[in-house]
Amino acid sequence: STPVETAMDSLFYVFRDVAMAELATYMCAWNQRNPTDPVSFVGFDVQDPDAAAEILQRTHPELEVERCPSTFWSTRLGDKRAARSCIERLDQTELPELQAELALATLLHWQRTVSLGFRTVDARDLRDTAMAELLLSRLNAEHSQQRAVIWAHNAHLAKAPGDDIATPMGATLHAELGEQYAAIALTSAETGLNWWPGIRPPEPTEIDERLASDPGPVFDTLQ
């Protein structure tokens, strides 16, 4: 397989598409031309507990993380109990390597999500708080004083509470970084998504509906 194919295989599957492959190809070309100013990906979501568990099983087998639920759809009652047990056992563990420490943080955040119930509002809030904490940890440790583009759903990037997330990742980042954090929403008149449950139709008052109904350019301020 090519380096780009290997990179795509390492991503959460919802992001494995042509646009992402083209971005990775561009980044590789850029880094070859600019070795002193490279661009890199930084993962910060907590929805890939399987990968986190694999890292910890390889680097710290003494933690016995195989006893923790690490499958994406772990929502059964038994898994909730196992998740709570995992939290009690590993919550105070500190690891010397950054990758292992971040993997453990990811796995523990997932255990808390499982223990709350995967689709609950509290679990969604927990995920956004976890993403902000992991992102800030990685940026501070590996990319201090460098700029970053954070690619996520508009609801995660928002600075203000929304209908589904009481404390979005963007609110935590804005509180920590102040005006250094800028949220830019992406939308379109026609949208598609390779992820359930799909996209609901826009409400008449939403900017997406104006884009879809107005044949000409639409300029608006959301400040």
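## Surroundings of His156

In this predicted model, His156 is in contact, once its neighbours within four places in sequence are left aside, with Arg127, Asp128, Met131, Ile165, Pro168, Met169 and Gly170. His156 itself is found in helix H7, which spans residues 154-157, and its relative accessibility of 12% is under the 20% limit, so His156 counts as buried.

H8 is followed by Gly178, whose phi is positive, near 65°.

## Overall organisation

The chain has nine helices and zero strands, and, read along the sequence, its pattern is α-α-α-α-α-α-α-α-α. Of the 223 residues in the chain, 29% are buried. Among the contacts in the chain with a separation of 6 or more, 54% are accounted for by residues 24 or more positions apart.

## Packing of H5 against H6

The axes of H5 and H6 come within 9 Å and cross at roughly 175°. Since angles over 145 degrees count as roughly antiparallel, H5 is roughly antiparallel to H6. On the H5 side the contact is formed by Leu98, Leu102, Ala105, Thr106, His109, Arg112, Thr113 and Leu116, and these meet Asp122, Ala123, Leu126, Ala130, Glu133, Leu134, Ser137, Arg138, Ala141 and Glu142 in H6. By class, the contact of H5 with H6 has nine nonpolar, four polar and five charged residues.

## Packing of H3 against H5

Helix H5 (residues 98-116) also meets helix H3 (residues 49-59), and the axes of these two helices come within 9 Å and cross at roughly 135°. H3 and H5 are therefore oblique to each other, and their crossing is left-handed. The contact is made by Pro49, Ala52, Ala53, Ile55, Leu56 and Thr59 of H3, together with Gln99, Ala100, Ala103, Leu104, Thr106, Leu107 and Trp110 of H5. By class, the residues of this contact divide into ten nonpolar, three polar and no charged.

Thr106 of H5 is listed in the contact with H3 and also in the contact with H6. Whereas the contact of H3 with H5 has no charged residues, that of H5 with H6 has five.

## The disulfide and another cysteine

How many disulfides does a search of the whole structure find? The search finds one disulfide, and it joins Cys68 to Cys86, with an S to S distance of 2.0 Å. The torsion about the S-S bond of Cys68 and Cys86 is about 80°, so the disulfide is right-handed. Because Cys68 lies in the loop between H3 and helix H4 (77-90) while Cys86 lies in helix H4, the pair ties together parts that are 18 residues apart in sequence.

Cys68 and Cys86 are both buried. Cys28, by contrast, has a relative accessibility of 36% and therefore counts as partly exposed.

## Positive phi values in two loops

Most residues other than glycine have a negative phi. Glu64, although it is not a glycine, has a positive phi of about 50°. Glu64 lies in the loop between H3 and H4, the loop that also holds Cys68, and with a relative accessible area of 35% Glu64 is partly exposed.

Gln145, another residue other than glycine, has a positive phi near 70° and is placed in the loop between H6 and H7. Is Gln145 buried or exposed? At 80% relative accessibility, Gln145 counts as exposed.

The C-alpha atoms of Pro3 and Thr25 are separated by 8.9 Å, while the two residues are 22 residues apart along the chain.

Ile207 lies in helix H9, which covers residues 207-213, and at 25% relative accessibility Ile207 counts as partly exposed. Between the C-alpha atoms of Ile207 and Thr187, which are 20 residues apart along the chain, the separation is 8.5 Å.

Technical notes
Residues numbered from 1 in each chain as written. Predicted model: local features only at pLDDT ≥ 70, side-chain atom pairs only at ≥ 80, totals over all residues. Heavy atoms only, no water. Axes fitted to C-alpha atoms, helices over the stretch in contact; angles between N-to-C directions. Helix = DSSP H or I, 4+ residues; strand = E, 2+ residues; numbered from the N terminus. Parallel < 35°, antiparallel > 145°, perpendicular 65-115°, else oblique. Left-handed = near helix turned anticlockwise from the far one by under 90°. Contact = heavy atoms within 4.5 Å. Nonpolar A, V, L, I, M, F, W, Y, C, P; charged D, E, K, R; others polar. Disulfide = S-S within 2.5 Å. Buried < 20%, exposed > 50% of the residue type's maximum accessible area, 1.4 Å probe, protein only.
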